Amino acid sequence: MVSALGVIGATLNDLAVRDPAVVRAELDAWRPDLIVLAFGTNEGFDPFLDPFAYEALLRGQIAQLRTLAPRADILILGAPDAQRPEGGGTCGDEESLWRIPRELPLVRDVQRRVAADMGVAFWDWHARMGGDCSAHRLATAYEPLMRGDHVHFNSAGGDWIGQMLAEDLTAAWRARAVPAGAEE
């Protein structure tokens, strides 16, 4: 079963302010095997982001989830590539309106470092979709996979990136389930 608790526009702080008793009851009822944290894009668009505060918040939320669901694995989906249309283009030609927010790579770096330090899985969404400026390429392709906002995937793009995530999760599960040197 997959249960999405996401809210459009949410940040990690939205998870942090949820009533712990409610979160505990939900996790006790669901008994998840895997908790996926897919935050970071909205933080990456915040020009006032404090990366140190974000790191402390992320560490705290992982610690809380481990307490509330000790048997669940945790996966951080690193923030994907995205741009905003405000000039000073870093994507497209020199006249491009599309620019990668300065804070977005900072968020990704924090996520990657915290995942490594705390022993949680990290999926590099940014790399899997093609790296810097991939949102621009995917939004302006002949058959686009992202909406014109250069942030959100369209249906076809959601299927495309979702299939990559599913394949990577399956490969990781198989590698973990089969001891080194053993045959399936």
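Why are Asp-109 and Arg-112 separated by about one helical turn? Because the two residues sit 3 apart in helix H5. Please keep in mind throughout that this is a predicted model.

1. Let me start with that pair. Asp-109 and Arg-112 form a salt bridge, with their closest N and O atoms 3.6 Å apart. Asp-109 has 40% relative accessibility, so it counts as partly exposed. Arg-112 falls in the partly exposed class too, at 34% relative accessibility.

2. Arg-112 has a further partner. Its side chain meets that of Asp-124 in a salt bridge, at 3.0 Å from N to O. This pair links distant parts of the chain, as Arg-112 belongs to helix H5 while Asp-124 lies in the loop between strand S5 (121-123) and helix H6 (125-128), 12 residues apart. Asp-124 is partly exposed, with a relative accessible area of 22%; the class applies because buried means under 20%.

3. Helix H5 also reaches helix H4 through a charged pair. Asp-117 forms a salt bridge with Arg-59, and the closest N and O atoms are 2.7 Å apart. Here again distant parts of the chain are linked: Asp-117 is in helix H5 (residues 103-118) and Arg-59 in helix H4, 58 residues apart. Asp-117 is exposed, with a relative accessible area of 51%, while Arg-59 is partly exposed at 24%.

4. Over the whole structure, a search finds 8 salt bridges.

5. Next, a word on helix packing. The axes of helix H2 (residues 20-30) and helix H4 (residues 51-68) come within 10 Å and cross at roughly 50°. The crossing of H2 past H4 is right-handed.

6. Leu-34 itself lies in strand S1 (residues 34-37). With 37% relative accessibility, Leu-34 counts as partly exposed, and it can belong to a patch because patches are made of residues with over 30% relative accessible area and no salt bridge.

Conventions: Residues are numbered from 1 along each chain as its sequence is written. This is a predicted model: local features need pLDDT of at least 70, side-chain atom pairs count only at pLDDT 80 or more; totals for chains, interfaces and linings use all residues. Side-chain values use heavy atoms; hydrogens and water are left out. Helices (H or I, at least four residues) and strands (E, at least two) are DSSP runs, numbered from the N terminus. Buried means under 20% relative accessible area, exposed over 50%, partly exposed in between (1.4 Å probe, protein chains only). Axes are lines fitted to C-alpha atoms, for helices over the stretch in contact, and angles run from 0 to 180 degrees between N-to-C directions. A crossing is left-handed if the near helix is turned anticlockwise from the far one by less than a right angle, and right-handed if clockwise. A salt bridge is a side-chain nitrogen of Lys or Arg within 4 Å of a carboxyl oxygen of Asp or Glu.
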